[in-house]
Amino acid sequence: MKMKCTAIVLAAGKGKRMNSDVPKQYLFLEDKPVLYYSLQVFQDSFIDEIVLVTSESDVEYCRNKIVEKYGFDKVHSIVAGGKERYHSVFAGIMAAGECDYIFIHDGARPFVTAQILQRAYECVIQHGACVVGMPSKDTVKLANEDGFASLTPDRDLVWMIQTPQVFSFSLIKRAYMSLIEEEEALVSRGIKITDDAMVVETFTDKKVKLVEGRYENIKITTPEDLKIAVTFLGKDDNSR
Ligand code: CTP
Ligand code: MG
């Protein structure tokens, strides 16, 4: 039986690390905005519905210049996000209709593929919670507050986490409700929530499975990422 799948595509960030006037998800890669590319992959996939989360002031721009223009008819709502990424995800969850699985994706990751979505789908059916990532190529060190190396995790166990992050709807909704309830306590303890798996790890007993993405599934974060992205366009073998 085909499960009902909804994607939440996040585009409500300000892109501070990019240092550009226009938020990075709206910068152009060749002749289309960064956000176009992942929406096209979701549109062409088995995903049933898309919730697009953007800042209040960009809702109209997204509707006219992206969703209508490129015919993304799976986008059933465009909602305003919030200050932190997790506020935007929460807004997306609240806007999503009843479904079996939620695929949460950074709109700043244009190189997601049909195969990644398929692997994540198979994985979430088996495990109920999974996130896409790749084994780290570099050695990772944890620093102490004085800037000295304090711990070197076994590189074979280190993964760089990407999106989509995929969960059963009831699980992710429950986890995010708890997060919003306990937000103040977390903030006061200095805990920063940077992905969705962390919300599930913190507020539920569910184990989150790691599933292979691809090294090309980068997040456009700083200006040099745009140069890398340009070299991927067109010449990219997206069969993985
Ligand atoms: N995002 C969001 N709402 C926020 C913050 C982030 O929807 N309040 C989205 C971004 O638009 C992006 C994704 O989450 O698609 C990943 O976040 P990140 O790369 O951190 O983007 P920004 O927060 O925009 O960038 P920066 O952290 O450099 O300001
Ligand atoms: Mg950010």
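Q: How far apart do the centres of the positive and negative side-chain sets of the protein chain lie?
A: This is a predicted model, in which local features need pLDDT of at least 70 and side-chain atom pairs count only at pLDDT 80 or more, while totals for chains, interfaces and linings use all residues. Lys and Arg count as positive and Asp and Glu as negative, with His and the chain ends not counted, and each charge is placed at NZ of Lys, CZ of Arg, CG of Asp or CD of Glu. On that basis the protein chain carries 30 positive and 35 negative side chains, and the centres of these two sets are separated by 2 Å.

Q: How many helices and how many strands does the protein chain have?
A: Residues are numbered from 1 along each chain as its sequence is written, chains are lettered from A and ligands numbered from 1 in the order in which they are written, and side-chain values use heavy atoms, leaving out hydrogens and water. Helices (H or I, at least four residues) and strands (E, at least two) are DSSP runs numbered from the N terminus. Counted in this way, the protein chain has eight helices and 11 strands.

Q: What percentage of the residues in the protein chain is buried?
A: Buried means under 20% relative accessible area, exposed means over 50%, and partly exposed lies in between, with a 1.4 Å probe and protein chains only. Of the 240 residues in the protein chain, the buried share is 49%.

Q: Where is N19, and what is its phi?
A: N19 sits in the loop between strand 1 (5-11) and strand 2 (28-29), and at 71% relative accessibility it counts as exposed. Although N19 is not a glycine, it has a positive phi of about 60 degrees.

Q: Is E30 buried or exposed?
A: E30 lies in the loop between strand 2 and strand 3 (32-33), and its phi is near 50 degrees, a positive value in a residue other than glycine. Because its relative accessibility is 60%, E30 counts as exposed.

Q: What kind of aromatic pair do Y26 and Y61 form?
A: Rings of Phe, Tyr and Trp (its six-membered ring) pair if their centres lie within 6.5 Å, and planes under 30 degrees apart count as stacked, over 60 as edge-to-face and the rest as tilted; the structure holds eight such pairs. The rings of Y26 and Y61 have centres 5.3 Å apart and planes at 80 degrees, so this pair is edge-to-face.

Q: How many residues apart are Y26 and Y61?
A: Y26 is buried at a relative accessible area of 6%, whereas Y61, at 29%, is partly exposed. The pair links distant parts of the chain, Y26 being in the loop between strand 1 and strand 2 and Y61 in helix 2 (residues 59-68), with a separation of 35 residues.

Q: Where in the chain is F103, the partner of F46 in an aromatic pair?
A: F46 and F103 form an edge-to-face pair, with 5.9 Å from centre to centre and 65 degrees between the planes, and F103 is buried with a relative accessible area of 0%. The two are 57 residues apart, with F46 in the loop between helix 1 (34-43) and strand 4 (49-54), and F103 in strand 6 (residues 101-106).
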